[in-house]
Amino acid sequence: MAEIQLKSLAHSYSDTPDGPDDYAIRHLDHVWDKGGAYALLGPSGCGKSTMLNIISGLLQPSEGDVLFDGKRVNELSPRDRNIAQVFQFPVIYDSMTVFDNLAFPLRNNGVEASRVKARVHEIAEVLEIQDKLYKKAKNLTADEKQKVSMGRGLVREDVSAILFDEPLTVIDPQLKWKLRRKLKQIHEQFDITMVYVTHDQLEASTFADKIAVMYGGQIVQFGTPTELFERPNHTFVGFFIGSPGMNLIEVQRCPRGVCFGSIVVPLDEWQVEVLQRQKTSNLKIGIRPEFVEVSDQATDETFEATVLDVEDLGTYKIVTVELGHETLKARQNEEFEAEIGGVVHLSFPKQWLMLYVDEFLIKEQQ
Ligand SMILES: Nc1ncnc2c1ncn2[C@@H]1O[C@H](COP(=O)(O)OP(=O)(O)OP(=O)(O)O)[C@@H](O)[C@H]1O
């Protein structure tokens with residue numbers, strides 16, 4: 001088990017990169033602590049597999065260092081890095097039995113036969129494939145094959161880390177949930193550094209203690225599911241996490257706040273000060289639908305909005321409103337009633353109103 005540090009990492013698949021767009025990983029610094037259960041979450045093409053392949057040594061980064069427990073491993077082969085990697089599709093030997101498939105990584109490392117047997121049985125039990133141990137792998141279902149593939153990753157006790165690259169894609173939805181719980185349980189039992197790649201936020205938050213959100217070749221936030229929800233560090237995190245995602249509105253500077261159309265949103269003094277120091281015109285405010293307050297009463301602090309839609313989702317309602325030519329969503333409880341075309345009054349509690357400059361959250365110490 002190791003701490004994995006990525007230092008000033010960048011990677012381009014082009015030999016002659018011509019600007020940031022040619023980079024799959026853009027100048028990235030990150031530490032995966034020893035023994036943590038992490039998810040790497042992001043949309044297709046953001047660089048997740050590239051990062052995993054750089055860690056495992058399948059790919060050499062164009063720039064920067066990969067350190068295991070502080071030691072540079074760039075020059076080490078995948079085998080010498082001692083990383084187990086589980087891919088989207090099963091990597092197993094069809095002609096071998098399940099037992100031999102699971103035993104393979106151990107025998108390869110010269111582990112003695114009695115220990116191989118004990119460990120294979122332990123992993124088979126955790127994955128609930130004990131009754132398949134003496135079957136040929138080619139006779140297994142797709143689900144079972146992927147379990148064996150995961151087992152091959154989990155079986156070695158000496159690995160620095162296990163990297164899972166969307167391992168549950170081929171698994172039946174019912175079993176997916178069960179296997180995710182199982183992986184979490186395995187993590188607790190064996191205390192191994194695990195990095196789990198996914199583009200599914202639910203999958204990420206059920207597996208990981210901390211999630212790294214990747215976007216455009218960068219990690220834009222690394223935090224607990226609650227931190228990502230409550231204080232998205234980047235507009236992409238606001239948009240990507242949550243259902244529906246965060247309301248994001250382009251705004252301009254105004255005296256004592258920001259505005260869009262005729263709407264003026266007052267800000268705290270420190271936020272106004274930060275804005276004065278920034279030159280960019282790329283400014284947004286963000287508030288999650290869960291935190292928008294909707295009332296039929298106007299006050300000095302509310303904004304008048306028109307109801308466009310009320311969607312009943314069983315245990316709650318999503319209300320869509322128009323405010324100053326912008327469309328916003330608010331999550332309300334089941335009892336909420338409003339007429340389409342009717343007027344409501346919105347307020348944005350200060351602690352939940354985020355200000356983004358060049359897509360990144362402005363924080364008080366800046
Ligand atoms: N072998 C390659 N040659 C050239 N470009 C590549 C190669 N592999 C990936 N890329 C590009 O690098 C970028 C990052 O790809 P990567 O596969 O790391 O993303 P990802 O987040 O894992 O996506 P997905 O979820 O679809 O697997 C993408 O623009 C992709 O097209």
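Trainee: Which residues are around the ligand?

Mentor: A residue is near a molecule if its C-beta atom, placed from the backbone, lies within 6 Å of it. Here the residues around the ligand are Tyr 13, Ala 24, Gly 42, Ser 44, Gly 45, Cys 46, Gly 47, Lys 48, Ser 49, Thr 50 and His 199. Please note that this is a predicted model, in which local features need pLDDT of at least 70 and side-chain atom pairs count only at pLDDT 80 or more, while totals for chains, interfaces and linings use all residues. Residues are numbered from 1 along each chain as its sequence is written.

Trainee: How many residues of that shell are nonpolar, polar and charged?

Mentor: Ala, Val, Leu, Ile, Met, Phe, Trp, Tyr, Cys and Pro count as nonpolar, Asp, Glu, Lys and Arg as charged, and the others, Gly among them, as polar. The shell around the ligand holds three nonpolar residues, seven polar and one charged.

Trainee: How is strand E3 placed in the structure, and which strands does E3 pair with?

Mentor: Strands (E, at least two residues) and helices (H or I, at least four) are DSSP runs, numbered from the N terminus. A residue is buried if 20 or more other C-beta atoms lie within 10 Å of its own, exposed if 12 or fewer, and partly exposed in between, with C-beta atoms placed from the backbone. Strand E3 (residues 37–41) is largely enclosed by the rest of the structure, because four of its five residues are buried. Two strands pair if DSSP finds at least two bridges between them. E3 pairs in the parallel sense with strand E8 (residues 194–198) over five bridges, and Leu 40 stands opposite Val 197 in E8. E3 also pairs in the parallel sense with strand E9 (residues 210–215), over four bridges; there, Tyr 38 has Lys 210 as its bridge partner.

Trainee: Which residues of helix H3 are buried, and what covers them?

Mentor: An α-helix has 3.6 residues a turn, so residues three or four places apart point the same way. In H3 (residues 98–108), the buried residues are Val 98, Phe 99, Asn 101, Leu 102, Ala 103 and Leu 106. What covers them includes helix H4 (113–126) and helix H5 (142–154). Just after H3, Gly 110 takes a positive phi of about 75°.

Trainee: Where do the domains lie, and how many residues are in contact between them?

Mentor: Domain bounds come from an automatic or database domain assignment. Domain 1 spans 4–240 and domain 2 spans 247–361, and their C-alpha centres lie 39 Å apart. Two residues are in contact if their C-beta atoms, placed from the backbone, lie within 7 Å. Seven residues of domain 1 are in contact with eight residues of domain 2. The side of domain 1 that touches domain 2 has two nonpolar residues, four polar and one charged.
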